[in-house]
Structure formats: structure tokens, C-alpha cells
Amino acid sequence: MSDNLLIELLTEELPPKRLKQLSDTFAQCIYSGLLEAQLITEQSRFISYGTPRRLAVTVDQVRPQQPQQRIEKKGPNVKQAHLADGSPSPALQGFMRSSSITQDQLVIMKDNKGQDIYGYTFEQSGKTLEELLPDLLHKAFSQLPVAKIMRWGDSSFSFVRPVHGLVVLHGKKIIDINLLGIQSGNITLGHRFLSSQPITLSGSDHYAEQLKEEGCVIARFDDRKKLIHDSLKQHANGLEVVGDDNLLNEVTSLVEWPQVLKGQFDKDFLNVPSECLILSMQQHQKYFPLKDNQGQLQPQFLLVSNLNTSDPHFIIDGNERVLRARLSDAQFFYQTDLKTPLIKRLETLKQVIYVKSLGSVYERVYRIKDLARIIAKKINADILTCEQAAELSKADLTSEMVGEFPELQGIMGKYYALNDGYSELIAEVIEDHYHPRFANDTLPRSQEGIIVAIAEKLESLVGLFACGQIPTGDKDPYGLRRASLGVIRLCIEGSIPIALNELIEDCASTFTSHQINSEIKTKLAQFIIERLKGYLKDQHFSFEEIESILPFAESRLDLLPKRLLAIREFSQLSESKKLAAANKRIKNILKKNDVNNDHNGDFDQLTECAETNLINCLKTVSTHVELAMSRNDFNMALTQLIPLAEPINHFFDEIMIMSEDLTIRSQRISLLLAIYQLMQQVADIGSLDA
């Protein structure tokens, strides 16, 4: 009879940052294993449970035994199964002997290649749930997303954390298995402090309810998370709760019976930058800071206790004392840092090694400064601001605050720059030059910030490529994939009108003590272009559209989206297919004849009507396309190509390109080259001819 199945592992405290993923993966693996074993159908549903000390899952409509199994055993090929006299070959005899069958029980079936083979089919009773569960659980354990597993005591067993209890219930029946050295049963534990006695589970149907009522445990992760979320909002009393989903998930993973409480801290701490206070509260204490509707941090915080008590003031007092010590440290670090101006910290950077073969961070700073100056000059940005911000960009790395909270690099540089009397813009650039730090992160707020951010990321890319630190497989210790995507976003979304290969050349020129050869530059350009493909795909451009603009990927990145939109609009026109097909045909002809990119425009020997019509059309169209391209009006440039469609078709219909006269042949090929180069001004439209 089908019934609900409950599996629970009682463990020591599981890693809180991975609990949600662990519980979901464990439940999904159990469900998939039962489905593969034909113990459930796709109509069955499962519920995952995860608390600091347990992983559990319930699955409904689980059969106690597999259905009858039809077994197929495959034997030798029919053509090779008999000797010359018609008697069974040794291979066929061995197959019949191993299957305990006679020749009249053989059937002919197909193998994986569709060839006839001898085989044997029979019905076999399905295995029981009790027989299948050990292997199914071991398989689920092997698929859990953990980098390291633990052993405990003197046993040879291993798991994410030491396991102390195992519950396996099918309905009310205990499924008798031994796993990780523990015998299954129906006994579990409730809350570590609020429940003193073991809990005997009555069955699999009311697992969550019984844990809640008898053990003060809310077993479902999502139930606890919602309870905490709603309670935080209620206790905030209209203030903004500061904390992302990651913090909420982590706090949910630390408690089984949550109670939200409000604490306070001294207003004097608000003189410290709010980012420091927030990070200290969130990272060290897992508290939720509060802001008013103007975004100002308030001297209050919310904490989530794992104890529900009628008089929580002892819990609140204890947490306030701990936080006071944390914030006092932050205040001390900040006040100490203010005594040393950023400019004086530059000398200290000489002692900080960036990468051994690339020297110190001090040397890196001046490469960034040089590149920022070059870029700023080319696009008429504020050169002095870019230079000063770049020079000070890494100075806060030697501060006490960044030493304690590396996440604050750049942010603290902003505050220290303002304290030193630098402009708001310079301070802002120092903070922003790390952006974008991850996918969908914001860009720097100013053009100068974008310039310094490009310089910082490109310096890293060029330098690390030069010393052989090129990412391979899934290894990217210096985050170069992220840096290249940052360069792409900064150039495109920040509208930087400089070609990619030019930026790489400019950056390479700042490495005065290193020789950056053309091979390194080419490798880096291709590396960035690979990231560019993914970026454009995420912008919902098709594979064909992206392929069409790749010849221009090393030019101005900021123009690529405009080219792509023009190509998309152009491809909707009926004439575009004719031009794309013609472009592709011309490309093949030029390739076969090994034509270089030069032509002199001399077509004096081409006098046939189809030739002169095409030449005249080409001259007119070239003028219009050139004007459109000078304005970067890619839509207009492509539209101007349309009149070429018919003359090109007539040319191919009426003219033999490979003339016996070598002069005429050369001029006809030159004419095709001129047309091809004109059509390639915006994109490789031949790639649109699927």
C-alpha cells in the first residue's frame, strides 16, 4: 500500500550559508531516486525540511515495493551465434548456461546498433523499499553540494557534519536500515534548549506539526524564513530593515524557533561611516540594522533569537554589550585611519605585493594612473581628476578599517579623501572605480569614474595575461572573467568611444618594465570577445546577429549595440535576404581566388550592360553609405545598400566572372571586392544568410 515516506538525518550544526541548498538538494535527490526506482509516480510530491541540526524530506504515495520488473538479458549476435554445422557457438552456449535457459527459450531482439541478437526476457519481482533505500541514500549523499566532508569518532563514515540520528518511516512503519553506523528508528530531538525529551514520531504524515508542538522546531526552512521576514517588518515600526536575502537565509539557518527582538546602540557611533556599522552588525553579529525614510542609519537594530521567552531583556542586553564592543573597534579603526592622509599611505603600498612578477601595488597604482590619463585625454574628460583619483584609489588598502573589513575598500577611500579635503568627484571616483563588481552591479556615477574603472580592470587583465595567469577551465583566481565583463559594460554602457584593441595597446604601453608582445594582446582581445558574446546574448541578441558584428569586436564596443539593432531592423526587409546571399557568394569567390583587401577602383575594361549598371549603382551607393557611416547612422548605411540587390543579381546572371581575359577577370573580382567591402561597413551581413 502506498504511503508517505519520511527520512530525517539528525546532525550537528550544519553550515548556515549552505543549509537551504543542502536541504533542497537532499530532498530532490531522494525524490529523483524514488522515481527512478519506480517507487513513486510523477504525481507524487515532496517537501524538504532543513534546520540547523537536521535534513529531512517527506514524499507522498511511496510504494512499499517496486512493480513486477520485465528483465531483458542480451546475448550474442545472431550471425555469430552458430557454428558451420548449425550448432550453438561457445558464446551462445555460455549465454544460455549463465541464464539457465534452453535454446527454445531464446528470442531475437535488437541491440543498440539495430542488429539482431539473441536474448532472453523474464518477469522478476520488484525490490522492496527497504532493499532500495540504502543505495538511494548513499547516492543522495554523494550529490550534496559540499566541498569538504567530515569524519567523526573512530568510525570510517563521513558526511557534511557528524550524524547522530536517523528516522525512516513509511507511514507508521519503521523501515529498518543501518546507515552511517546508525540504526534507523522513529526517535528525533526537538529544540536544543526548549525541548528536553526525545520525540517519538507517530508517523510520517504529521512530522512538521509534531516537531512544532512537542519540540519547538519549525522544520520547514521557508516557513521559518517567512516568519522571520514578517516579524522583522513588524518590529521595524515603519523603518527600513537593512539586509539582503543572503543575510535572511543565513539567519534562518541558525535558528529553529525564531523570535525577533530590538536592541539599541549609542548614537555617538553614528559618527562612523554607516557602511562600517552596517557591515559590522551584519557580518559579525547577523543583525538587521534600521534606516529611516531618508536612508539615515538609526541607533537601533533587530536580532533573531533562537529562544522564545516572555522576558527577553537578558538576551537584548547581552547582544547590545557584544555590539558595543564591535562598534567601538570600528570607531577606533576609523579615528586612527583619519590621522594618516591618503597621499602618505602611498609609500606603504610599496610593501604590498600585487603579483610577484608584476611588482607592488604602488607600481600598479601608477600604471592605472598613466592609463587613466591616456583615456581621459582621448575623450576630453577631466584629466587631473582622473589622475588624482587613480593615484589614491588603492591607498585605503593599508588602513585599519579595510584590514578588518576588506569589503569596504574604495568606500573607506571615499571618506578618507573627503576628510583630506579632496573634491566630492574625486572621492566618488575612488569609491566607484571597483564597479561593476559583479553581474548587474551599478556602473561608476561619473565619466571620470568609468575611466579609472576601465584603467583598473585593464591593468589587471594585461598584466596577468603577460605573466601567464590566464584562466583555464573553472579556475580564475584573479577574477579576470569578471574584470573583462566589467570592461565590456564600462565601454558599452558608459559610452567610451575608444576601440578595444586601442585600449589594450594603451594599457600595454604603461608596463615599462614588461614587454607585452602582440601574441599576449591578441589572446587578451579574444578572451574579452568571448565574454562579449555572452554579454550580448544576455541582451537578447541572436547568435546570427552577434556573429555578424564580431569582425568589429576589437573596434569601438560602445557602437556594437547600435550595429546590432540596425542589423535586426535590416533583416526584417525583404531585400536583406538577397543582399545577405549575395554577400556570402561574393565572399566565397574572393576566398577561392585568394584576394587581398586592396583594389584600385579601375574598371575601364568592364563595358557590358550588367557591369556598367552595377558600377554606377556602386558609386552612388558608396557616397550615401560613406555619409551615413560618418554619422554612425548604421540603419541608414544598411538601407542605402538595398539598391545594389538587383544589379548584383543581374551581374551574376549575365557575367562570367572567370573570363579568359586576365585583365577583365581581375577587374571583375576587384569590383566584387569593392562591393563586399562596402557591404561590410556595418556588419558581416552574409552571416544572416542561414
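The following legends describe close-up views of a predicted model.

**View 1. The open sheet formed by β4, β6 and β5.** Three strands, in the order β4-β6-β5, make up an open sheet with antiparallel pairing. Because β4 (69-77) and β5 (107-110) each have a single partner strand, they stand at the edges, and one side of each is left without a neighbour in the sheet. From one strand to the next, the twist averages 50°.

**View 2. The pairing of β4 with β6 and the packing of helix α2.** Seven bridges connect β4 to strand β6 (residues 116-124) in the antiparallel sense. Within this pairing, N77 stands opposite I117 of β6. Helix α2 (residues 90-99) packs on the sheet and touches both β4 and β6; the direction of α2 makes about 160° with that of β4.

**View 3. Strand β9 and its partner β1.** Strand β9 (residues 163-170) is largely enclosed by the rest of the structure, because seven of its eight residues are buried. Strand β1 (residues 3-11) runs antiparallel to β9 and is joined to β9 by seven bridges. E8 has V167 in β9 as its bridge partner.

**View 4. The hairpin of β9 and β10.** Two bridges pair β9 with strand β10 (residues 173-174) in the antiparallel sense. H170 stands opposite K173 in β10. Two residues lie between the strands of this hairpin, where G171 adopts a positive phi near 70°.

View 5. S195 lies in the loop between β13 (187-188) and β14 (199-200). Its relative accessibility is 13%, so S195 counts as buried, the limit being under 20%. Beyond its neighbours within four places in sequence, S195 is in contact with G190, E214 and G215.

How values were computed: Residues are numbered from 1 along each chain as its sequence is written. This is a predicted model: local features need pLDDT of at least 70, side-chain atom pairs count only at pLDDT 80 or more; totals for chains, interfaces and linings use all residues. Side-chain values use heavy atoms; hydrogens and water are left out. Two strands pair if DSSP finds at least two bridges between them. Helices (H or I, at least four residues) and strands (E, at least two) are DSSP runs, numbered from the N terminus. Axes are lines fitted to C-alpha atoms, for helices over the stretch in contact, and angles run from 0 to 180 degrees between N-to-C directions. Contact means heavy atoms within 4.5 Å. Buried means under 20% relative accessible area, exposed over 50%, partly exposed in between (1.4 Å probe, protein chains only).
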